[in-house]
Amino acid sequence: MIAYDTSGKSYSLTETNLGGGEGKLYAVDNNPELYAKIFKSEKRTKGREAKILEWEKMLTENDLNQNFCRQIVVPQKCLYAQTTSQNTQTFVGYLMEKQTSFRTLKNTYLAKDFDYMQKVWTARNLCILTNRVHSLEREIIIGDYNADNIAIFPSTSTAKFIDVDSFQLVINRNGRRILCPCTVGVPEFMAPEISRRLKKEKSDLEHVDQGPDDPIFNKYTDLYSMAYHVFALLMNGSSPFASMPNMEELSQHPSRNVSSIDIDQFHAAEKGEFVFARHYIFKKAPNYAPKYGILSRKLQKLFERAFIDGAKDSTARPDSLEFYDALTEYLDSLEDRKCGHYMPSNYTGACEWCRINNLKY
Ligand SMILES: [Zn+2]
């Protein structure tokens with residue numbers, strides 16, 4: 001297909017087999033460093049177009065610094081296609097820098113070729129990435145901070161956001177602030193107050209009533225997702241709200257049975273039931289996760305603020321710099337044991353990675 005940017009320059013595009021629920025990626029002839037994302041026809045909305053045009057404007061006006069652009073794959077140019085009736089053009093997608101040789105964050109949680117040191121390093125890089133977005137003077141929110149939207153480059157463990165058209169922006173038009181919302185999200189990675197509000201208003205992310213002063217995604221919902229990913233990287237891919245029935249406790253209460261134990265992670269997230277740090281009768285942390293005690297006391301406190309205090313008060317969640325500092329100290333404390341696994345040097349127990357490798361499922 002042929003597409004045009006706002007200046008009328010044409011691009012010849014060839015479909016690839018890459019893409020997701022919103023659209024497909026196309027190779028750009030004579031521009032091997034670029035990809036075009038072409039939205040499905042029902043996703044070619046005015047809202048998406050306004051957002052991409054704003055990214056294009058921020059790039060031309062140098063509102064985004066180099067470090068930001070190095071780690072956030074921003075939409076570069078809005079693309080249009082000529083319709084059958086001549087002289088009219090419709091919005092179809094955008095151009096962005098092509099990324100290669102990465103794995104998604106989701107595939108990094110459990111990657112066997114990444115040792116614990118590299119996973120902690122990756123977690124620290126996520127904090128840098130989150131800080132890059134939030135420290136810009138523009139009101140930019142990640143929103144759909146999901147593990148498939150983040151590329152991890154194995155050679156350096158650095159992280160980049162790759163599906164940036166979903167980010168939430170606030171546009172200034174003649175002194176008026178207009179919200180360009182994020183309308184997608186993965187429930188697992190979303191802060192509990194989001195599902196609470198959607199339930200209360202009987203709405204969804206596409207239709208919820210929101211404005212620049214009360215957007216559904218904000219800095220604190222981003223910090224929830226960041227804490228979730230840091231936890232999963234450090235804890236062998238476990239969700240902070242994963243749990244399993246505690247059979248020993250159940251055996252002492254013959255009137256109860258396994259199926260009556262609520263191990264639903266969404267319920268736990270809403271109630272702030274963080275089973276790693278507090279005891280809840282009949283439940284325990286999953287055995288594929290290392291013991292919570294391998295984490296430093298500083299990290300434990302941050303996770304408790306993120307997942308227990310944060311369930312009631314989103315502002316209690318630690319920011320990216322607090323996590324960055326705690327992870328830096330934790331990295332310094334890691335040493336490799338005779339078995340070849342990294343464990344904190346002050347942890348006196350047996351190697352947790354050996355225990356997990358010997359689990360029989
Ligand atoms: Zn070991």
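Ala, Val, Leu, Ile, Met, Phe, Trp, Tyr, Cys and Pro count here as nonpolar, Asp, Glu, Lys and Arg as charged, and the others, Gly among them, as polar. This is a predicted model, in which local features need pLDDT of at least 70, side-chain atom pairs count only at pLDDT 80 or more, and totals for chains, interfaces and linings use all residues. Residues are numbered from 1 along each chain as its sequence is written, and side-chain values use heavy atoms, with hydrogens and water left out.

Start with the domains. The chain splits into domain 1 (2–97) and domain 2 (103–357); these bounds come from an automatic or database domain assignment. Their C-alpha centres are 31 Å apart. Contact (heavy atoms within 4.5 Å) links 25 residues of domain 1 with 25 residues of domain 2.

The interface buries about 2,000 Å², and carbon and sulfur atoms give 55% of that area. Buried area is the accessible area (1.4 Å probe) that two parts lose on being put together, summed over both. On the domain 1 side, Lys 51, Glu 54 and Gln 71 lose the most area to domain 2, together 32% of what that side buries. Glu 54 also forms a salt bridge with Arg 173 (3.8 Å, N to O). The rule (a side-chain nitrogen of Lys or Arg within 4 Å of a carboxyl oxygen of Asp or Glu) finds six salt bridges across the interface of domain 1 and domain 2.

Now the pockets. A pocket is an open set of points on a 1 Å grid over the protein atoms alone, where a 1.4 Å probe fits, with protein on both sides within 12 Å along at least five of seven lines; lining residues have an atom within 4 Å of a point. Points are joined across faces, edges and corners, and the volume is the space filled by probe spheres set on them.

The largest pocket holds about 580 Å³. It has 25 lining residues, and Gly 19, Gly 20, Leu 25, Ile 162 and Asp 163 are the closest to its centre. Strands E2 (10–19), E3 (23–28), E4 (34–39) and E6 (89–97) each give two or more residues to this lining. Strands (E, at least two residues) and helices (H or I, at least four) are DSSP runs, numbered from the N terminus. E3 gives the largest share, three residues. Domain 1 and domain 2 each supply at least three lining residues. By class, the lining has seven nonpolar, eight polar and 10 charged residues.

The second largest pocket holds about 390 Å³. Of its 16 lining residues, Lys 112, Lys 119, Asn 236, Trp 353 and Asn 357 lie nearest the centre. Helix H11 (352–357) and helix H4 (116–134) each supply at least two, with H11 giving the most, three. This lining divides into nine nonpolar, four polar and three charged residues.
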